[in-house]
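Subject: Structure handover and findings

Hello,

Here is the structure for your files. Please open it alongside this note.

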Amino acid sequence: MMTTATAAALHPAQRRILTVLVTAQILSGAGLAAGITVGALLAEDMLDTTGLSGLPSALFTAGSAAAAAVIGRTSQHRGRRTGLAAGYAAGALGALGVVVAATIDNVTLLFIALVIYGSGTATNLQARYSGADLATPAHRARALSTVLVATTLGAVVGPNLVTPLGTLARSWNIPPLAGPFLLAAVAYGAAGIVLWSLLRPDPLLTARTLAEADTPRSGDSTAAPSSSVDNRRLVLLGAAVMVLAQLVMVAIMTMTPIHMQHHGHSVGAAGAVIAIHIASMYLPSPLSGFLVDRYGRMPIAAASGLTLLAAGLVAAFAPPQSVALLAIALGLLGLGWSLGLVSGTAIITDNTSPATRAKTQGLVDVTIAIAGAGGGLASGMIVAAGSYTLLSLLGGLLAVALLPSIKLATHTRHTPQPDDQRASTPAGH
């Protein structure tokens with residue numbers, strides 16, 4: 001019997017779809033980096049307080065949560081092409097709003113624009129699911145990691161353009177810290193145009209058609225995977241892995257530029273550290289995908305927690321004057337996030353059917369974005385009330401909270417399965 005996933009992998013459009021997604025992700029990466037690099041600094045400058053400097057991260061991740069739900073529902077009904085293109089268009093609009101708000105020094109408009117800008121972040125992450133729609137389970141993690149790694153080029157270049165973009169913005173009578181958001185508007189807009197024009201046939205709609213066509217031929221009368229109690233449990237676990245990775249990553253990352261600036265480092269130095277961090281989030285994606293496919297979802301999910309713990313410890317005890325050690329800490333932070341995102345995404349995709357997949361994935365990404373919003377908002381408060389060291393230690397300890405559940409799930413998934421089922425559901429091993 002040929003499974004749906006196997007049949008789908010033979011579709012001639014898969015390679016072209018990955019090429020289009022990679023092109024869009026390269027463009028969108030630059031837009032993603034703007035808010036991360038200067039968002040907190042812009043808020044600190046406009047609000048004149050450190051305690052609320054984590055607010056931009058909270059706002060655009062809250063906007064990302066709302067956008068993730070909309071993108072998921074839109075993709076469910078109209079396909080990935082429509083959902084992703086609309087998300088990037090909204091992100092571009094939000095970036096322009098930030099520029100206008102900074103220029104006229106309007107904090108209310110800044111907050112609204114940051115929420116809309118979060119649509120770009122949600123879309124960038126949702127795109128990874130598109131790469132896995134037509135992949136076999138045995139190659140699913142590598143397919144989605146191909147989409148993720150494409151973000152690296154733009155995301156690494158973006159933070160290193162902070163200084164020249166600031167100079168350009170100043171020449172246009174725009175506050176220098178708003179300069180990167182000009183790049184974000186162009187980058188998100190271009191990514192949306194690429195997807196709307198070229199993402200044909202739609203990967204999710206194609207996978208759904210193949211699944212519907214395969215069911216009658218195979219005579220499989222079992223319920224869709226998403227209706228299984230075991231699969232629901234694994235979807236929740238996969239979501240929890242990504243939620244914790246996002247929360248810890250956002251919290252420590254958001255306050256690192258503030259921590260560096262308070263100890264005499266330049267905006268350029270902070271941008272370089274963030275560039276290393278973002279490179280470590282996306283550049284190791286092919287390795288993360290290979291490890292997840294080769295050694296299993298659960299072991300790599302556990303490795304994610306341990307890597308994030310190491311990042312928290314290094315960040316906590318690194319001397320404030322050491323840019324190198326802070327860069328190492330942020331590099332580990334990015335790697336831990338990558339391992340968690342790829343393993344968690346594979347777990348969820350393995351255990352959802354094409355008929356319900358996009359909606360479920362959208363809801364999962366809502367939870368991830370809310371966690372990021374909470375981490376961004378809490379990070380400023382923790383540092384203001386305590387210290388960057390305290391924030392980093394708390395983040396590292398929180399990252400390993402799921403290890404007992406992952407261990408339990410690993411043992412449960414080792415229960416023998418029929419050969420054809422094992423071939424099509426490798427979620428836990």
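What follows is a short account of what turned up in it.

**Ground rules**

This is a predicted model, in which local features need pLDDT of at least 70 and side-chain atom pairs count only at pLDDT 80 or more, while totals for chains, interfaces and linings use all residues. Residues are numbered from 1 along each chain as its sequence is written, and side-chain values use heavy atoms, with hydrogens and water left out.

**Overall make-up**

The protein has 19 helices and zero strands. Helices (H or I, at least four residues) and strands (E, at least two) are DSSP runs, numbered from the N terminus. There are 429 residues, and 59% of them are buried. Buried means under 20% relative accessible area, exposed means over 50%, and partly exposed lies in between (1.4 Å probe, protein chains only). Contact means heavy atoms within 4.5 Å. Take the contacts with a separation of 6 or more: 85% of these come from residues 24 or more positions apart.

**Helix 16 against helix 17**

Helix 16 covers residues 357–385, and helix 17 covers residues 388–399. Their axes come within 7 Å and cross at roughly 130 degrees. Axes here are lines fitted to C-alpha atoms, for helices over the stretch in contact, and angles run from 0 to 180 degrees between N-to-C directions.

Helix 16 brings S379, I382 and V383 to the contact. Helix 17 brings Y388, L390, L391 and L394. By class, that contact has six nonpolar residues, one polar and no charged. Ala, Val, Leu, Ile, Met, Phe, Trp, Tyr, Cys and Pro count as nonpolar, Asp, Glu, Lys and Arg as charged, and the others, Gly among them, as polar.

**The second largest cavity**

The structure holds four cavities of 30 Å³ or more. The search ran on a 1 Å grid over the protein atoms alone, and a cavity is a set of points where a 1.4 Å probe fits but cannot get out. Lining residues have an atom within 4 Å of a point. Grid points are joined across faces, edges and corners, and a volume is the space filled by probe spheres set on the points.

The second largest cavity has a volume of about 80 Å³. Its lining is V241, L244, A245, A301, S304, G305, L308, A399, L402, L403 and I406. Helix 11 (229–262), helix 14 (297–317) and helix 18 (403–413) are the elements that give two or more residues to this lining. Helix 14 gives the most, with four residues. By class, the lining has nine nonpolar, two polar and no charged residues.

One of the lining residues is L244. L244 sits in helix 11. L244 is buried because its relative accessibility is 15%. Leaving aside neighbours within four places in sequence, L244 is in contact with L398, A401 and L402. L244 and A371 are 127 residues apart in sequence, yet 7.5 Å apart in space, C-alpha to C-alpha.

**Two buried positions**

S75 lies in helix 3 (residues 55–78). S75 counts as buried because its relative accessibility is 1%. S75 touches R80, G83, L204, R208 and A358, not counting residues up to four places away in sequence.

G97 is in helix 4. G97 is buried too, with a relative accessible area of 15%. With residues up to four places away in sequence set aside, G97 touches L109 and A113. The C-alpha atoms of G97 and F111 are separated by 9.4 Å, and these two residues are 14 apart along the chain.

**Backbone points to check**

Which peptide bond is cis? The bond from R200 to P201 is, with omega near -5 degrees. P201 lies in the loop between helix 9 (179–198) and helix 10 (203–218).

D105 is not a glycine, but has a positive phi of about 55 degrees. D105 is in the loop between helix 4 (80–104) and helix 5 (107–132), and is exposed at 53% relative accessible area.

N173 is not a glycine either, and has a positive phi of about 60 degrees. The loop between helix 8 (162–171) and helix 9 holds N173. N173 is exposed, with a relative accessible area of 66%.

Best regards

Note on methods. 1 Å grid on protein atoms, 1.4 Å probe; cavity = no way out; pocket = protein on both sides within 12 Å on 5 of 7 lines; lining within 4 Å.
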